[in-house]
Amino acid sequence: MARTWMRGLSLVLVGALLLAACGDDDDDTSATNATPTQNDATATQSASPVATSTSGSSPASPTAASTDDEEVTLRLGVSMTPAELETFEQGLDAIRAAHPKWTIELEQTPQEGIIEKMNAQVAGKNLPDVVQLQGLQAQQWIRQDAFEDLSSRVDAAEFQVDDFWSNSLAQFEWQDKLYGVPYSAAPDVVYYNKTMFDAAGLDYPTDDWTYDEMRELAIQLTLDSDGNTPADPDFDPDSIVQWGLNVTPSGIWARGYLLPFGADPCANADCTELQFAAPDVQEAMGWWASLAQEDHAAPYDPYSGNQTGVPGDPFAAGKAAMGFNGFFLVGQLNQTGQLDYDIVQPPAGPTGVRSTALSTNGWAIAANSEHKDAAWALLQELTDSAFLSEYWAKPGHSVPARKSAVESIINPSAAPANQQAIVAAMEYAEVFMPFTPSAFEAYLKTAEFFTNIMKGDTPLEEGLAEIDKVANEVLAKDK
Amino acid sequence: MLAAVGLSLTDWQLVAAPEWRGPGHYRALFEDELFRTSLKNTAYYALGSVPLGVGLAFGLALLLNRPWPGMGLFRTVFFMPALVSGVAVVMAWGWLFNPRLGAVNSLLGGLGLPQPGWLAEPRWAMPTVILLSLWSVGGTMLVFIAGLQTIPRDLYDAARIDGANRLVLVRHITLPMISPVTFFLLVVGTIASLQLFTPTYILTDTRGGTRNSTLTLPLYIYQNAFQYREYGYAAALTVVLIAITFALTVAQVGLARRWVYYAGTTGWGG
């Protein structure tokens, strides 16, 4: 009898678990939504750039107005640093205040797990209505039809798609359609540690400098534990405590370091074929290899910490006097206040050409969204010029992808002094290539070769040929 | 498991329906250099960590299985590291073994000894991970202590009367009597060693270390599935890993008949 009763109870429990597992979780999530109270909304609205927006897609735009008539719950998937999230939530409160009928559920995922989570959500057709994504990773989902085609929506006059840096859109396009809208497009510039320059008695670099000048400075700024530079006969390369420059090319996304030398590692337009072994690319890579091996002025293994002792970027860690880095570092350095620094445009190469990498982040609408119009209205708010200025540029998180907002990164009362260098670099910055779905796999499978080449463990020609062989085998899947 | 076998015969990138490929992924394994490397590294880790871990745990258990005051405290001290989160341990280990700023090399340098590159050096990378595995030896030690306490005292007393010294007692009484426990720990330890993932994932930024020196089979499965979205190939690798695990376990069970003694049953090999 007891046994039968236990079986019955077990069946009920299993049934309940199955129902719970299969049930729609919308109700649960909406219950946790942090919609501001009316008082909060009013208070935020008065100071909100969203409410006072005049550029791009203001809340008064026809699309936004039509979606404001109905109650709608929108899931917003993000992956931000704590500092970014703090500012972004303020912006989101302003949007909520301007659209009281929207219930926006913020779903934050730590950056380490975002790819895995999005893959699972795409497979389960459970992506949030609007999702944040890195431009470099976008194609893997775009080509799986995970996102809504936004081409016709962005063509609407009020969106002003021409206001975006044209280069910043590339990673969100596929077969002449646009599947995402960038909100940030940050070029790498060269940061320099003024304290280290002062200690070495060197003049700060200026925007018209060249790669050869950068090399000379890097050598003079590299120090071993006894304070010797590589120019001193007693210099000990095994006890370097300060590098002149923070990087050497460490992966297939090294194009920005090679174009100034007149060398392009991309063999075709979408960069699904690499040519690191081509003579001009080889020569340019040789320049960098000798900077690491002969001059010892830049680490061959910049980020692991094995060589510098500190994982992460050597410049940010105070281990390098100069460093290529994105705008995000401005926010970080200003927050900690540990370094006295300034920035300068990337140097010109022997050909007179400047080049630098452009990191983009954007928003996309999930193909599985049931509220595409409302999602589009939200996306418009998130890429609105005033929103980008207030919540991304001014806190020092990122450079707005809209030209009309880019000057908002300029803050004369905060470091760095030469902020105009970032605006200038936007003119020639290019997104990382390749950015097709298998690019990350190609990067992972070849990163080791770059380290070995820069270290001198693998001969340049042999290593570059191996990079081409391995990477092109992987990238062939994207052709 | 059946699903893994089925998937291993397809090309699947998670969103679109899997496409039939047949045994193509298994053929590709033979040409995949990284697969061979990951297999070799996994074997290296298993052969290094299991005997070392079980041996050390047995030694500690013998030391701490004495009726001396304070033994409980020592057992707790040795067991406590096993309670710490694996990720936290690995992170701390990464700092300790940092070639330039790590405490281990500082100590070695202070003693005038050579300072290896540890994880940065291919020949030292896997030994470093094996050393890390000893961190949680306390759990194994505890199982040994429990086993040791089940051995009847009169066996030792009788042997001592016959003039047996400590070494003989261990060789002829302790080891046979505790052999079922040792067998269990070897089987479980081997299976766990074939699943090595967390340390190599964290310490090598998911890549598998310098020249793939710590790329293990589970990490390679992870890379293929979650980084390259090659779920079919990852499933094939998983099937191979399961097959290896199964074969090794069967082999261990088979060999157990020769050295495991079950007291109170039919004797050797149960």
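This is a predicted model: local features need pLDDT of at least 70, side-chain atom pairs count only at pLDDT 80 or more; totals for chains, interfaces and linings use all residues.
Residues are numbered from 1 along each chain as its sequence is written, and chains are lettered from A in the order in which they are written. Local features need pLDDT of at least 70, side-chain atom pairs count only at pLDDT 80 or more, totals for chains, interfaces and linings use all residues, and side-chain values use heavy atoms, with hydrogens and water left out.

**View 1. The contact between chain A and chain B.** Here 31 residues of chain A meet 22 residues of chain B, where contact means heavy atoms within 4.5 Å. Together the two chains bury about 2200 Å², with 49% of that on carbon and sulfur atoms; buried area is the accessible area (1.4 Å probe) that two parts lose on being put together, summed over both.

View 2. Two salt bridges are found between chain A and chain B, each a side-chain nitrogen of Lys or Arg within 4 Å of a carboxyl oxygen of Asp or Glu. One of them pairs A:Lys477 with B:Glu230, at 2.8 Å from N to O. Helix 7 (114-123), strand 9 (240-245) and helix 20 (439-455) of chain A each supply at least two residues of the side that touches chain B. Helix 20 gives the largest share, eight residues. Helices (H or I, at least four residues) and strands (E, at least two) are DSSP runs, numbered from the N terminus.

**View 3. Two cis peptide bonds in chain A.** A:Ala415 and A:Pro416 are joined by a cis peptide bond with omega about 0 degrees, and A:Pro416 sits in the loop between helix 18 (403-406) and helix 19 (420-425). Another cis bond, also with omega about 0 degrees, links A:Met433 to A:Pro434. A:Pro434 belongs to the loop between strand 13 (430-431) and helix 20.

**View 4. A positive phi at A:Asp145.** In this non-glycine residue phi is near 60 degrees. Its loop runs between helix 8 (135-142) and helix 9 (151-154) of chain A.
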